[in-house]
Amino acid sequence: MQEVLRSLGLKEINEGCSTGQNWFSNGEVIESFSPVDGKLIGKIKTATKADYLKVVSTASDAFKFWREIPAPKRGEYVRQFGDKLRAKKAGLGKLVSYEMGKSYQEGLGEVQEMIDICDFAVGLSRQLYGLQLHSERPQHRMMEQWHPLGIVGIISAFNFPVAVWAWNSSLAWICGDVCIWKPSEKTPLCSVACQNIWNEVAKENNLPEGISSLVNGNYVVGQLLTADTHVPLISATGSTQMGKIVGATVAERFGRSILELGGNNAIIITENADLDNTLIGAVFGAIGTAGQRCTTTRRLIIHENIYDKAKDQLVKAYAQLKIGDPLNEANHVGPLIDKDAVKKYLNSLESVISEGGKIIVPGGVLEGKGFESGCYVKPAIAEAKNDMAIVQHETFAPILYIMKYKTLDEAIALQNGVPQGLSSAIMTLNMREAELFLSAAGSDCGIANVNIGTSGAEIGGAFGGEKETGGGRESGSDAWKAYMRRQTNTLNWGSKASLAQGIKFDLS
Ligand code: UN1
């Protein structure tokens, strides 16, 4: 791992703030321990308020430069950034896996998402289309154009320590915005590694400081960013609890926010499902990233006629799961992020029982050789009712709730009957069932899939969800519009001044 850390420019003690080539930080030091083996990976100095103010003023200056660069040229820098990610994919994927605890395959997948969104952004840099409209007045022309917003504040969570930043930053860059990234305190080294990669691009192209900045620290730094009127857009990923505070703070100052918060995702398994296919999507959805994705499958809503068979297959599949070092590719499930997360997992299992749920695959914390970090837990399955308080709540751990249904309308009502609205899926080979699920009377989520699990969304689509998930959209499709401001222009090229709505106004 030492070799990997060195190749990504990480040291024993790292500065936590950067505007480019400049690194500084005068706040307290935080330590990053790996949930894989409990060892200290490195230390990071955090930002003080003065450090933060320095970052914002550098970013404000950089914006004046960056907004003048033609968008396709900005795309060219993003292309170079993507190429560097390709070259460093294995190392960065390994660091993601070691610092966050997800499997190496998933760590690589995360870096692949960064590469993909860079490619997407490069193409988009030539497609920031506005509209040409017909004016109601003669010899007038109307159009809409899109301008950059300014500084985009990106607050990211530990579970996707690099990809979610890239979804936001690569789009923001080509749109002409500059970024300030406040990463999770639980995965700070990943952020330093990413900033180092951007800094190489900036140095090689003689770009000024401040196009991409990093501020490490706790929620206090997050509050500085969200309350700052110099930052017109905040894109925040994390818990619903955090999003409520961020959303209110940003709205109070008339800023914009993209909120990507909790999920409580379900798969409906109908009588007409291909069960083998279903199993892969459901099990990966439930235990991938040890249940710590906002898109994790938390509920299975199964038709009563196939309930026992599907339950049986699930229990068998769970018995085969290998838990252990995520860098060992033979393992399916790695650790939770920290002991706090383990506590929450155990409390949730207790609540399942006290609220009347029935555990069918028991959980528990693993101990002994290989599990010294104390963060490894067994994925659990419980039969539960949808309206139980614990089922309505997102526990960031591998606990799967299963329940029965009779009619598809009832299943859809169960699927929608939670406060969150991120991802959803139906497993069926019946076209009418699939189309009903995708219709306006179907899933109320931002993502609705057929014969695919709830997690593992591709970057080409807009990513985000409704209700307590926050309503924001990131990544593909036309999500870029949130990173720009729209301007409507009306231009008179004739020799007469004429007013709209036929108003007569004569000065002679
Ligand atoms: C998240 O969990 O915050 O769909 C993001 C997925 C990933 C992104 C998840 N592409 O699972």
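Student: Which backbone oxygen does the side chain of Ser170 reach?

Tutor: This is a predicted model, in which local features need pLDDT of at least 70, side-chain atom pairs count only at pLDDT 80 or more, and totals for chains, interfaces and linings use all residues. Residues are numbered from 1 along each chain as its sequence is written, and side-chain values use heavy atoms, with hydrogens and water left out. Ser170 lies in helix α6 (residues 163–175). At 2.6 Å, its side chain reaches the backbone oxygen of Ala166.

Student: Is Ser170 buried or exposed?

Tutor: Buried means under 20% relative accessible area and exposed over 50%, with a 1.4 Å probe and protein chains only. The relative accessible area of Ser170 is 1%, so Ser170 is buried.

Student: Which residues are in contact with Ser170, leaving aside its neighbours within four places in sequence?

Tutor: Contact means heavy atoms within 4.5 Å. With those neighbours set aside, the residues in contact with Ser170 are Val78, Ile117, Cys118 and Ala121.

Student: What covers the buried residues of α3?

Tutor: Val78 is one of the buried residues of α3. The cover over the buried residues of this helix includes α2 (49–66), α4 (89–100), α5 (104–124), α6 and α7 (188–204).

Student: Which exposed residues does the face of α11 turned away from its buried side carry?

Tutor: The buried residues of α11 are Tyr307, Ala310, Leu314, Ala317 and Tyr318. They cover an arc of only 100° around the axis, so they lie on the same side of α11; the arc is that of the directions from the helix axis to the C-beta atoms. The face turned away from that side carries the exposed residues Asp308, Lys309, Lys316 and Ala319.

Note on methods:
Helices (H or I, at least four residues) and strands (E, at least two) are DSSP runs, numbered from the N terminus. A polar contact is a pair of N or O atoms within 3.5 Å; within protein, one must be able to donate a hydrogen and the other to accept it, and residues adjacent in sequence count only if both atoms are side-chain atoms.
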